[in-house]
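Welcome, and thanks for taking a look at this one with us. Here is a short briefing to read alongside the model.

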Amino acid sequence: MILDGTRTESIDAAVRTLRAGGIVAMPTETVYGLAADAENPDAVAAIYAAKGRPSDHPLILHVADADAVTAFAQEVPAFARALMDAFWPGPLTLILPRRAGVAAAAAAGQPSVGLRCPAHPVAQALLRAAAAQGIRALAAPSANRFGRISPTRAEHVVADLGERVLVLDGGPCAVGIESTIVDATRGAPVLLRPGQIDREALAAAAGMPILDPDEVQAGATPKASGTLAAHYAPRAPVRLMSARELQTALELLGADAARAGVAVYARSALPNLATPLARRMPDDAGAAAQQLFDTLRGFDDAGARLIWVELPPDTPAWEGVRDRLRRAAAAATGG
C-alpha cells in the first residue's frame with residue numbers, strides 16, 4: 001500500500017505500524033529503506049524475513065539527529081564527530097562501537113553498529129514522529145529482496161515486496177545509490193562502501209586520510225550492509241566492458257543484438273547500435289548514480305537477457321557507481 005509520505009496522516013499511520021512491531025518502507029535521499037523499530041527484536045526479524053536477508057548481516061540504524069547517537073554508540077571518535085558535522089543529515093553511515101545491551105538484533109550481534117541520519121524530509125518526519133512515541137531509531141536496509149537492485153521509487157518497493165507493505169512515497173531518490181559507509185572503530189576512518197560522498201571530501205572533513213580495509217591491521221573488518229562481492233543484481237546478467245570492448249562486442253553481434261536481448265548502458269557514442277534497449281549514461285557521476293538502479297530495473301522490465309555496461313572512469317567521483325556495477329556483474333559470475 002503506497003501512501004503520500006508528505007501527508008501528516010500517512011506519517012501517523014506509519015508510526016502506528018512501527019509501534020505495533022510492523023515494517024514500513026520509507027524514502028531516503030539514497031534509496032528506499034525497509035524500516036522497523038531498531039530495539040524491537042521481533043520487528044527486526046520481520047525485516048530479515050521480508051527481504052530474505054541472512055540474519056548475520058547487520059542493519060543500519062537511522063536516527064533523526066546526531067544527539068541520538070549516544071543512545072547506541074559507546075564512543076564517538078573525534079574524526080567521526082567531524083564527519084557527522086560535515087555530512088549529517090546526509091548519505092553517510094558511520095560504524096561505531098555499540099553500546100552494550102542495545103539493538104543487538106539489528107547489529108546482528110556485532111560489537112559495532114552502523115548509524116545514519118538521512119536528509120530526506122519524509123524520512124526526517126517519520127524519525128521525529130517515531131521518536132516522539134519512544135522509538136529511538138529505525139533499522140532500515142534497502143526495501144528489496146536481498147541481493148537484488150535497490151529501490152529508488154515507491155513502485156519499486158511494491159514490485160519487490162508486494163502490496164501488503166506500507167510504503168511512504170517521497171518521490172524518486174535524489175542520490176540513487178546507498179550511503180557511503182565509514183568504519184570508525186579502529187582509530188582511523190576506513191572506507192567500507194563508497195557512495196556519493198567521495199574519499200577526498202571525507203578526508204577533508206575528517207582531517208586525516210581515508211584508509212581501505214586492507215590498510216588497517218588492528219581488528220577485523222566489521223560486517224556492513226552492501227559489501228558482499230555480489231550484490232545489487234538485476235535478473236539479467238551484467239557484463240562490464242571498456243568503450244572499445246563494448247563497441248567490438250556490438251559489432252560482432254550486429255543485427256543479432258536485438259534478437260539476443262542485449263541492453264546497453266554507455267557513456268560513449270556507439271554508432272550503428274542495433275538494439276532498441278540502449279540508454280546513454282550521463283557524463284556526470286552524480287546524475288549517473290541517481291539513475292543507475294532505475295535504469296537496470298528498466299532493462300529487466302523490458303525483457304533484457306544481457307546487460308552490457310561501459311565501465312565508468314576510475315576517479316573518486318565515480319567510485320560509488322563503479323562499486324555498484326562491479327557487484328552487480330559479480331552476481332552473474334557467482335562472485
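Ala263 sits opposite Ile307, a residue of strand β14. Please keep in mind that this is a predicted model.

**Strand β14 and its partners**

- Strand β12, residues 262–266, pairs with β14 in the parallel sense, and four bridges join the two.
- On strand β11, residues 238–241, there are likewise four bridges to β14, and these two strands run parallel.
- Within that pairing, Met241 has Glu310 of β14 as its bridge partner.
- Strand β14 covers residues 306–310, and because four of its five residues are buried, the strand is largely enclosed by the rest of the structure.

**Salt bridges**

- How many salt bridges does a search of the whole structure find? The count is 16.
- One of them joins Glu39 to Arg136, with 2.7 Å between the closest N and O atoms.
- This pair links distant parts of the chain, 97 residues apart: Glu39 is in the loop between β3 (33–37) and α2 (41–51), while Arg136 is in the loop between α4 (121–132) and β7 (138–139).
- Glu39 is partly exposed, at a relative accessible area of 31%, and Arg136 is partly exposed too, at 40%.
- The side chains of Arg267 and Asp283 also form a salt bridge, at 3.9 Å from N to O.
- Arg267 belongs to the loop between β12 and β13 (278–280) and Asp283 to the loop between β13 and α9 (285–301), so their pairing ties together parts that lie 16 residues apart in sequence.
- Arg267 has a relative accessible area of 22%, so it counts as partly exposed, given that buried means under 20%.
- A network of salt bridges links Glu178, Asp323, Arg324 and Arg327.

**Ala103 in its loop**

- Ala103 lies in the loop between β5 (92–97) and β6 (112–116).
- With a relative accessible area of 7%, Ala103 is buried.
- Which residues does Ala103 contact, leaving aside its neighbours within four places in sequence? They are Ala38, Leu61, Phe72 and Arg98.
- Ala103 and Asn40 are 63 residues apart along the chain, and 7.8 Å separates their C-alpha atoms.

How values were computed
Residues numbered from 1 in each chain as written. Predicted model: local features only at pLDDT ≥ 70, side-chain atom pairs only at ≥ 80, totals over all residues. Heavy atoms only, no water. Buried < 20%, exposed > 50% of the residue type's maximum accessible area, 1.4 Å probe, protein only. Contact = heavy atoms within 4.5 Å. Pairing = 2+ DSSP bridges. Salt bridge = Lys/Arg side-chain N within 4 Å of Asp/Glu carboxyl O.
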